[in-house]
Amino acid sequence: MARVGSEIALVARGDELARLREIWAQAAAGSAAAVLLPGDAGVGKTRLVTEFAAEVRAGGGYVLTGHCVGLGESAPPYLPVVEILEQIRDADPGILEDRQALATLVSRSGTDRPTEQLPLFDSFLGVLTMLSAERPVLLVIEDLHWSDPSTRDLITFLVARMSEQRLTVVLTYRSDDLHRRHPVRPMTVELGRMRRVERLELDPFSPEEARAFARELALLDHLGTGADEHLIADIARRSEGNAFFAEELLSSARSATGLGDALADVLLGRIERLGPNAQRLVRTAAVSGQRRIRHSTLRAVLDLTDDELEEALRDCVQLHVLVADPDGDASYEFRHALLREAAYSDLLPGERTRIHAAYASLLAQLRLSGWRGAQAYHASRANDLPTALAAHVGAADEAAQVGATADTLAHLESALALWQAVPDPATVSGTDELHLTIRASDAAVAAGQVDRSLAFARAALKLADADGDIVTRASVRRRLAKILYSVDQWQEAQSVIAEAWDLIRDEPTSSERAWVLSTLAFGELKDSSRGYAEAAIADARASGDGGAEADALTTLAYMQLSDGEVDRALTTLEEARTRAAEVGAFEVELRAVFNLTVGQFELGELEAAATQLDRGLARAAETGLTWATYGRELAWIAVHVNYARGAWDLVEQLASPPGEQAPDWISGVLAASAALLAASRGEWEKVEAALDRVDTWVLADDEPLKIALFARAERDLWQHRPAEVTAPVAAAIAGNLHNAMGSTADLEQRACDEDEPPMLALIHVAAVGITAQADLAARARQVHDSGAEREAVATGERFLAVAEDAAERGHPRAATIGPEGLAWLARCRAEASRMRGETDPAPWRALVDAFGYGDTYQQAIARWRLAEVLLVLRAEGGSTGPPAVARPGQGSDDDAGPGSDPDDGGDELLAALATARTLRARPLEEALLATARRHRLNVPGQRAAAVALLTPREQAVLELVAQGLTNRAVGTELFISEKTVSVHLSRVMAKLDVSSRTEAVAVAMSRGILRG
């Protein structure tokens, strides 16, 4: 694969590039400097230097580059110096005429080659001094680790003698190649002590930077869409921040060639420089399956004497293949995980099997903590299938004890895969296939792998019906029904749980009978659910099963809530949570916490809901149930609650991509929530990145699609594109959120069948649509387009009818619609009044009050619209009170404050502005400032807020553009490329919502971003 890394924007090297610019600026002012730039092979040294050299060249500097070549002792002397002199000669053929030593060196004549170093060194320094007098010079020597002795002597002389030349010397080398006896090592130590030398270590990318780099590579290589987010995460993890490794891994993934020849050659080349015993040691360590291995383990599996082992280890450490534990833990680890992969791949099949068998035998002897999982790994690869089966079952037990749900599932799946291949597997494993399959289904539920859990449950049902007793057959059906309910397959779930009840109805009271009753209550109609739930509680208490009791109590609380017994329902839920915690029924405990959270949220008690969430999320993490059914539900509601209560920084953390593999549904929810938050804050690039992540997941659930709809609408409304909102909202109302992500919809489709109650979520969806129609109608009135106004009002009225119908016929969880639903209904009505051109403040006052339960952002939007109406009324003579904020000339920008008339609108505007600034909701802040400007009001920090719209670099670019400079001239002034200037200018125009440079300058001056 071509080195595509050079074709993307420089990633994560801003600090290093900035320091190089500072050093260059000092040198250009007459103070020569040198930079040592070490870093591992492939970390990006050349890419950084190339970017820096391009900036220097664009700014008028003279760039000279020489490359050392890895020819070992056969390398001719002064090879990079000759390359540099040829560049100088090509630029000015006469410059070497009076410098015989340099001219002879360039001629490459074996008979005339200079033998005295000092004249040559002086001449080279003289040429650089002369060139730097004309313009600053950047001298780059690449791959110093391959340099010959003569070149090293010349560089040392040059760096020691340079002083006031306008000269910068950059020396790159591989730090991982500089073992203790490497000839360049003492040279770098000596140079590092010199006054004009700075060491600038180039570290690997951080995990976040590695993902960004891998994503840019994938996009350039047309692999960055669809399901490739997993591939990107894998490449970022395996490359460990090394740019070259990331590129090669991407190439290997594209062609399915393992590590890839180029990468494997680089890695194996390092190993092949080791001695025979050291190579054996590395290969044996690679088979361990771990990056870190203890000295005692190597001693046990290698037939080497202590002296031979220590010598081999010393060889591996000095050549940077292994790294000794710095804390003296008598262990070693591979310098890079891919070194282990390469060494393992290079083993012969028989050699690999033999070493795996040795590890499996050693683990059985030592029996250290977690040994079963490691033994299963080695036994499987040693083809010892009975040992592997028993070890996988034991490892699943160990993993379950520490809440490692994904590991539990993996071991159980491996055990089931071996079941038919092992003679008498039940005796070997100590269990039977049915119970192993049931455990696998339960583990898949806990790990959030719902499809896998469903497949295992169906397999368990066949096994139970073939050879199971009545209770076991009912138990499997109960588990299957719960899974079906979790994926909204209600009809089949009700049929399956009915079968379970028919089987166990006449059985004596038992734990399983209580569970079946509880599950039956969950899916039945309200008139029969309560009876089943109460019967389940009685059976559970009689049999002493606290988990079944808590599960049934949670279902009973839902019935109480539906019947209007709100306080009693919350008390019952708290009882269920406490009982589940007492007996360790963790999934039931999370279900109770989730229902408590939702109940309190719908009552408008946001702080109480947030407290429940803190407890629930911590409990999910402790018990390994983060991605189980109610762990996922808690993650979803946590984002929703904290977004509403204005804890947006917490939302940003909660909605960030999870560090571990998460199920598609919650990944889509988190990505969509991140997009919504970014849109509310005006972080448009983050919006697009998050929406790209939404599109990565194959989603069948409405929730992530609905949140993504809100995020896109938020973006489009703040970017003044209300027409883009209409079709998706219409599609969502038609009941097809997948169509809502596109651009077509049929406005005449009904929201739902007349016999089915509409979803209450349609109120929020309709509110978004009515807001867009209000914007369209207002725009049409401004340009006197009565036809467009009528169309917008007609569409908005249809949306309003949908909202009113949902409020009237929808089924809330409680007996009545809670504060959130009522607030969004009030939003529909207030926006409809704006859509019709009405200036009645009453709907907006009602909306401010409606969101007063705690949704700070929506209340701020309501205050903004109320302020607009009040200010219009005052301008028309509807209010005679003094202005609520200072007029021009009545106070400074920083001490303007509210007046005394609450009907003026200024107080509402200032309250909304305070909220917008607290939340960092930049689009709302900009809208409020625009309202203030339109009504000739000054507000605190008006100019500061306007300036903060742009980054410092964008501000600097715009200031130079305002002076009439071209993009190239701006780049020269700021030491950046013309292309980079164009990118910054495009972002400025997008933020200011303009389409030209001239318009950007004019708008920036009108907003106070630019002065003069």
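This briefing walks through salt bridges, a strand neighbourhood and the nonpolar cores of the structure above. The model is predicted, so local features need pLDDT of at least 70 and side-chain atom pairs count only at pLDDT 80 or more, while totals for chains, interfaces and linings use all residues. Residues are numbered from 1 along each chain as its sequence is written, and side-chain values use heavy atoms, with hydrogens and water left out.

**Salt bridges**

- The count comes to 65 salt bridges, a salt bridge being a side-chain nitrogen of Lys or Arg within 4 Å of a carboxyl oxygen of Asp or Glu.
- Glu492 and Arg458 form one of them, at 2.9 Å from N to O. This pair links distant parts of the chain, with Glu492 in helix H24 (residues 490–504) and Arg458 in helix H22 (residues 450–467), 34 residues apart. Helices here are DSSP runs of H or I with at least four residues, strands are runs of E with at least two, and both are numbered from the N terminus.
- Glu492 is partly exposed at 30% relative accessibility, and Arg458 is partly exposed at 34%. For these labels, buried means under 20% relative accessible area, exposed means over 50%, and partly exposed lies in between (1.4 Å probe, protein chains only).
- Arg541 pairs with Glu575, their closest N and O atoms being 3.2 Å apart. Here Arg541 sits in helix H26 (residues 526–543) and Glu575 in helix H28 (residues 566–583), 34 residues apart. Arg541 is partly exposed at 47% relative accessible area, and Glu575 is partly exposed at 38%.
- Arg591 and Asp551 also form a salt bridge, with closest N and O atoms 2.9 Å apart. Because Arg591 lies in helix H29 (residues 586–602) and Asp551 in helix H27 (residues 546–562), the pair ties together parts that are 40 residues apart in sequence. Arg591 is buried, at 6% relative accessible area, and Asp551 is buried too, at 3%.
- Salt bridges with shared partners join Asp775, Arg827, Glu831, Arg834, Arg865, Glu868 and Arg934 into one network.

**Strand E4 and its neighbours**

- Strand E4 (residues 167–174) has 7 of its 8 residues buried, so the rest of the structure largely encloses this strand.
- Strand E1 (residues 33–39) runs parallel to E4 and is joined to it by 7 bridges; two strands pair if DSSP finds at least two bridges between them. Ala33 stands opposite Thr168 in E4.
- Strand E3 (residues 137–142) is also parallel to E4, through 5 bridges. Leu138 stands opposite Thr168 in E4.
- E3, helix H6 (residues 149–161) and E4 make a right-handed β-α-β unit. Right-handed means that, with the strands pointing away from the viewer, the path from the first strand over the helix to the second runs clockwise.

**Nonpolar cores**

- The largest nonpolar core has 111 residues, and Trp636, Ile637, Ile666, Cys828, Tyr857, Leu924 and Leu928 touch the most other members. Helix H33 (residues 664–681) gives this core its largest share, 12 residues.
- A nonpolar core is a set of buried Ala, Val, Leu, Ile, Met, Phe, Trp, Tyr and Cys residues joined through side-chain atoms within 4.5 Å.
- Leaving aside residues up to four places away in sequence, Leu924 touches Trp718, Tyr857, Ala860, Ile861, Trp864 and Ala916, where contact means heavy atoms within 4.5 Å.
- A second, separate core of 51 residues includes Ala210, Leu249, Leu250 and Leu362.
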